[in-house]
Amino acid sequence: MTSLLVLFLYATAFFGTYFIASRFLQSYFQRKGFNKLKTVTFGDESAVTANRIASIISIVTVFWLWIAFTNSALPLPKLPGPFQGEIEFTYTVTLNDGTSDDATVTILVYPEDIQQTVGAQGIPNRAPDAPSRGLGEGFAKNDTTTVARYGFKVIDVWSNDEVAKADGSAVTAINGQPISPGQKMQIPEGEIGLTNKGTPTFAPYTGLRMARLYLPAPEIVWQRFVTLIADGYQGFTLWEHTYYSLYRVIFGFLLGAIVGIPIGYAMGLTNWSRGWFDPIVEFMRPVPPLALIPLIIIWFGIDETGKIVLLFLAALWIMIIAARSGVSGVAISKVHAAYSLGASKWQILSRVIVPNSLPEIFTGARVAMGVCWGTVVAAELVAAEVGLGKMIVAASKFQLTDIVIVGIILIGIIGFLIDVGMRALEKWLVPWKGRI
Amino acid sequence: MVGLLVDNVSMHFNLPNGGYIQALKNVTLDIKSGELMSVLGPSGCGKTTLLNIVAGFLAPTEGQVNLNDVRVTGPSPERGMVFQQGALFEWMSVRDNVSFGPDMKGMSRKESAEKVEHLLDIVGLQDFKEKAVYELSGGMQQRVALARCLANDPDVILMDEPLGALDALTREKMQSLVLDLWKDTKKTIILITHSVEEALLLGERLLVMAPRPGRVHKEYRLPFADLGVGKDLREVKKHEDYASTREEILAMIWNMEEEIMGRAEEVA
């Protein structure tokens, strides 16, 4: 249900903000540059540019949905939250002989994540004690208890009564309304029921927001990020986790490129090499690197060597194929021109084929870096001592969802930065790409 | 004997289905040093195959090519080649493209730099020395290709539709440039073209080839190239024989094309 609501709100935000923006930001929507001279823009892909207002609203929407569906402390509109505080209800105990007595149950509903928060003196908060009430008159006595938000409590109301359940006494009404075992009744603060054996239960109202375990609020994730920078996690600083992941990717990728590019060139230049490597490359290329993890662990154990080998294999086939197609992309007229200008085979390789294949190699390198980054995280999920993937999987075992989310965001940002870096490098080294 | 001798050259290409295509049949040409020969013909008549054999990229099935009495067995800097666009090296500046041949020979930096300066002066690209070739227009790129070829000081220059991708105005200017270079350097030039006008204006000798199998159909000796050196080529077109020769060659090629189409229809 909640996920459908997320989808609905997201779609509403998409169409709603478009409607509002197109009505009130007309000046921005009027296309700038030569595009505005076109009368036909729908269907002309070249006239489509990313609307940056939409990008900003999109990111804001994601954060707003995040806040709206969590118990965030940020003062923004949110969905109905879980009940928190004290509630009281009366129950009626009836004896075998038909005499009955009323007493109250007072329940304190406290935040489910109270032990993960820190009080004013820097001491972690503890779950609160049950509120104190008088026992009251009659054979049924008043009860007090506590329950966490999103929780469920079976209340043994007989614990302090002068009668026992075994004597044949039973709870027959809640707040004056008759109730029998197995039935439930709704009150604004939650749901009161009787178990099949007649013991009262209480489940506080949960609302539509998600508990911290499932989705921590943005500010909690941010605070966790700040403490992670300061304290690290599981004996390694956040920087070390990131560094090891990056180091494995770069080292594995470089090995793959150093071995793969010459093999790719050889496959593009000699029949023997193409025949020799073709079956291996064609066989290994479709095998996802993740499928190799078990074998790699069996062979190399869980230390660095295994991960480097895995990433080497992830990059190798991609780089071989990139270099091979780089060679096949050399226009024959360029090779002929170089021959008739007196170049030797070696000079043709170094002055014509290698530079001409650089655009293809960079495309391959971008793909390979992306695959390596995905593979390293997965490999660390399986077995590692340090690394962003390891941090995520360790945190998930302790139900520290906020660390998991910090890790995911970091992985996304670093993956994006890697691609930006590769593109910048490409622009610098291969300025002629796409211009011939 | 000084010059280029194409001696009874034939060329077969084997097909995967066991048959073969005869691209050239018994082609014999005797081109003297310093001659400019243009080659015309409908598509599929083996013009480019002939040029590739002379350049040494292809070995003929029969016959041989001799340059200055030495048999051609492979590509060599004495037979320079100018291609249609796309054969320049995009990763090098204009200067490095032109000095490619001298660099391959191991010529000293100073010597090759002088040569590049001189050639860029001739083709009028002195101001574009440091530019990347992909920043130049199509006509400029072909000027670079000419300079690059000349930098090696070849005996024979082979041109495979070098002006084919240029617009009409640029093409006229480049035709004048080719004529002037020919007269100044006294190189032997073989020029393949699809344009009858270009073949007439530039060719001292004009070879018309016929397809299936590729063979020499007719050869002309023309005065227009000599007349055009250093002059406006539009003046040359007013020559009394120009129009009639053009019509004759056009009709010849049209007939060949129609014959090919006719044969194709019979087969169908």
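**Entry 1, helix 9 and helix 10 of chain A.** I started with the helix pair in chain A, where A:Lys334, A:Val335, A:Ala338 and A:Tyr339 of helix 9 meet A:Ile348, A:Arg351, A:Val352 and A:Asn356 of helix 10. Sorting the residues of this contact, I get five nonpolar, one polar and two charged. A reminder to myself: this is a predicted model.

Next I looked up the geometry of the pair. The axes of helix 9 and helix 10 of chain A come within 10 Å and cross at roughly 160°. An angle over 145 degrees counts as roughly antiparallel, so I logged helix 9 of chain A as roughly antiparallel to helix 10 of chain A. The crossing of these two helices is right-handed.

**Entry 2, where chain A touches chain B.** How many residues of chain A are in contact with chain B? I find 17 residues of chain A in contact with 20 residues of chain B. My two helices from the previous entry turn up again here: helix 9 (332–340) and helix 10 (345–382) of chain A each supply at least two residues to the side that touches chain B. Which helix gives the most to that side? Helix 9 of chain A does, with six residues. By type, the residues on the chain A side divide into 10 nonpolar, five polar and two charged.

I noted the division of chain A into domain 1 (2–68), domain 2 (85–204) and domain 3 (220–429). Between the C-alpha centres of domain 2 and domain 3 of chain A I have 59 Å.

Then I turned to a sheet in chain A. Four strands make up an open, antiparallel sheet with the order 4-9-8-7. Strand 4 (153–154) and strand 7 (184–187) of chain A are at its edges with a single partner strand each, so one side of each has no neighbour in the sheet. One bridge I checked by residue is that of A:Met185, whose partner in strand 8 of chain A is A:Ile192.

Chain B has an open sheet of six strands, ordered 6-7-8-3-9-10, and the pairing is mixed. Its edges are strand 6 (79–82) and strand 10 (215–221) of chain B; each has a single partner strand, so one side of each is left without a neighbour in the sheet. From one strand to the next, the twist averages 20°.

B:Arg79 is opposite B:Val156 of strand 7 of chain B. Helix 5 of chain B lies across both strand 6 and strand 7 of chain B, at about 175° to strand 6 of chain B.

Helix 4 of chain B brings B:Leu119, B:Leu120 and B:Val123 to the contact, and helix 5 of chain B brings B:Arg143, B:Leu146, B:Ala147 and B:Leu150. I count these residues as six nonpolar, no polar and one charged.

Notes: Residues are numbered from 1 along each chain as its sequence is written. Chains are lettered from A and ligands numbered from 1 in the order in which they are written. This is a predicted model: local features need pLDDT of at least 70, side-chain atom pairs count only at pLDDT 80 or more; totals for chains, interfaces and linings use all residues. Domain bounds come from an automatic or database domain assignment. Two strands pair if DSSP finds at least two bridges between them. Two residues are in contact if their C-beta atoms, placed from the backbone, lie within 7 Å. Ala, Val, Leu, Ile, Met, Phe, Trp, Tyr, Cys and Pro count as nonpolar, Asp, Glu, Lys and Arg as charged, and the others, Gly among them, as polar. Axes are lines fitted to C-alpha atoms, for helices over the stretch in contact, and angles run from 0 to 180 degrees between N-to-C directions. Angles under 35 degrees count as roughly parallel, over 145 as roughly antiparallel, 65 to 115 as roughly perpendicular and the rest as oblique. A crossing is left-handed if the near helix is turned anticlockwise from the far one by less than a right angle, and right-handed if clockwise.
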